[in-house]
Amino acid sequence: MKLFAVCLLALCLVLPASAAELKVDLGHGVVTYRSETLLRRPDARTISVPGDVAFRRAMHYRAVPLVALLDGIGPGDHLQFVAGDGFAAEIPAALLLNAQGSEAWLAIEDPAQPWPTLPGHGHAGPFYLVWTRPQAAGIGTEQLPYQLASIRRLAGVAERFPAILPDPALPADSEVRHGFAVFQRTCFACHTLNGQGDARLGPDLNLPHNPTEYLRADLLRAFIRNPQSLRQWPQAKMPGFDTHALPDADLDAVLAYLRHMAGRKRGG
């Protein structure tokens with residue numbers, strides 16, 4: 001009996017390290033993938049990611065092609081990738097199915113060979129969406145969520161969250177509409193606006209006040225480029241967006257969108 005108890009305790013100590021699960025819901029029931037099962041798949045392979053965004057150096061991962069886990073999705077579908085820390089990346093399926101040379105991979109942390117600690121941000125595992133040749137399809141830094149916990153097929157952002165939409169009377173080529181597209185790709189992964197959105201990592205960007213209402217334009221620009229330039233805070237989680245991640249034209253546009261939405265508060 002004592003031997004049995006010792007074995008049971010040992011099993012309990014081992015299981016948590018190998019019990020990482022990813023939930024995928026494409027609209028026809030939740031499928032749960034366990035890390036050890038994914039690592040044994042015949043399509044799993046080792047990939048190299050030079051200049052990894054999270055680790056800031058070259059990394060090698062055991063990974064499976066993401067589309068292999070997304071059976072039945074089409075270019076018109078929309079997917080949400082939710083991380084354990086509240087980060088929620090909204091990615092159109094067309095980007096995952098692109099034929100431009102970029103390929104999305106689900107990197108799986110092997111409990112026997114854990115990934116290193118992230119620079120100042122804890123741990124990236126157990127699952128991480130990475131891309132090979134991301135520049136070919138214009139993949140941004142916010143489209144590489146780590147600590148991934150679930151993937152869901154949902155309606156698009158505009159349909160689910162109408163309160164974040166700019167004035168429909170604006171022309172299609174307006175800077176505000178461009179800024180709205182940039183906002184969805186970058187800011188909306190961490191922030192809500194007008195109380196709408198699924199992210200739980202950062203504050204709302206319109207309620208009770210929009211940052212364009214209380215920060216000078218030059219300070220707001222500096223904050224987005226480097227949050228520590230405005231307020232030094234070791235525990236801060238917001239990354240800076242350099243000109244590679246957010247070109248000046250995109251930064252101008254997202255600020256135009258925020259100024260516009262300051263006059264369209266809803267839910268406050």
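**Starting from a cysteine**

Analyst: Let's begin at Cys187, which is buried, with a relative accessible area of 19%. Please keep in mind that this is a predicted model. Cys190 is buried too, at a relative accessible area of 14%.

A disulfide would need the two sulfur atoms to be within 2.5 Å. The disulfide count for the structure is zero. Cys187 accordingly takes part in no disulfide, and its nearest cysteine sulfur is that of Cys190.

Now look at Arg185, which lies in helix 5 (residues 175–185). What does Arg185 pair with? Its partner in a salt bridge is Asp250, with the closest N and O atoms 3.3 Å apart. Because Arg185 sits in helix 5 and Asp250 in helix 8 (residues 248–261), this pair ties together parts that are 65 residues apart in sequence.

In the pair formed by Arg34 and Glu36, the closest N and O atoms are 2.9 Å apart. Arg34 is partly exposed, at 29% relative accessibility, and Glu36 is partly exposed as well, with 22% relative accessible area. In total the structure holds 13 salt bridges. Side chains of opposite charge can pair when their charged atoms come close.

One more of these pairs deserves a visit. Glu90 forms a salt bridge with Arg160, and the closest N and O atoms are 2.8 Å apart. Glu90 belongs to strand 6 (residues 88–92) and Arg160 to helix 4 (residues 157–160), so the contact ties together parts that lie 70 residues apart in sequence. Glu90 is buried, with a relative accessible area of 8%.

Back to helix 8, where Asp250 is found. Helix 8 packs with helix 7 (residues 217–225) at an angle of about 125°, and the two axes are 12 Å apart. That makes helix 7 oblique to helix 8. The crossing of helix 7 past helix 8 is right-handed. Leu219 has its place in helix 7 and is partly exposed, with a relative accessible area of 30%. Leu219 and Ser229 are separated by 10 residues in sequence and by 8.8 Å in space, C-alpha to C-alpha.

In the loop between helix 5 and helix 6 (211–214) you will find Pro208, and the peptide bond from Leu207 to Pro208 is cis, with omega near -5°. Asn194 is found in the loop between helix 5 and helix 6 as well. Asn194 is not a glycine, yet its phi is positive, near 55°. Is Asn194 buried or exposed? Asn194 is buried, with a relative accessible area of 5%.

Arg56, in the loop between strand 3 (45–49) and strand 4 (59–65), also has a positive phi, near 60°.

Strand 6, which holds Glu90, belongs to an open sheet of five strands with the order 2-1-9-5-6 and mixed pairing. Strand 2 (30–34) and strand 6 are its edge strands, each pairing on one side only. From one strand to the next, the twist averages 20°. Within the sheet, strand 1 (residues 21–25) and strand 9 (residues 148–154) pair in the parallel sense over three bridges, and Val24 has Ile151 of strand 9 as its bridge partner.

Elsewhere, strand 7 (residues 103–108) and strand 8 pair in the antiparallel sense over six bridges, with Ile108 opposite Phe127 in strand 8. Strand 8 (residues 127–132) is mostly covered, as five of its six residues are buried. The loop between strand 7 and strand 8 contains Pro126, and a cis peptide bond with omega of about 5° joins Gly125 to Pro126.

Technical notes. Residues are numbered from 1 along each chain as its sequence is written. This is a predicted model: local features need pLDDT of at least 70, side-chain atom pairs count only at pLDDT 80 or more; totals for chains, interfaces and linings use all residues. Side-chain values use heavy atoms; hydrogens and water are left out. Buried means under 20% relative accessible area, exposed over 50%, partly exposed in between (1.4 Å probe, protein chains only). Helices (H or I, at least four residues) and strands (E, at least two) are DSSP runs, numbered from the N terminus. Two strands pair if DSSP finds at least two bridges between them. A salt bridge is a side-chain nitrogen of Lys or Arg within 4 Å of a carboxyl oxygen of Asp or Glu. Axes are lines fitted to C-alpha atoms, for helices over the stretch in contact, and angles run from 0 to 180 degrees between N-to-C directions. Angles under 35 degrees count as roughly parallel, over 145 as roughly antiparallel, 65 to 115 as roughly perpendicular and the rest as oblique. A crossing is left-handed if the near helix is turned anticlockwise from the far one by less than a right angle, and right-handed if clockwise.
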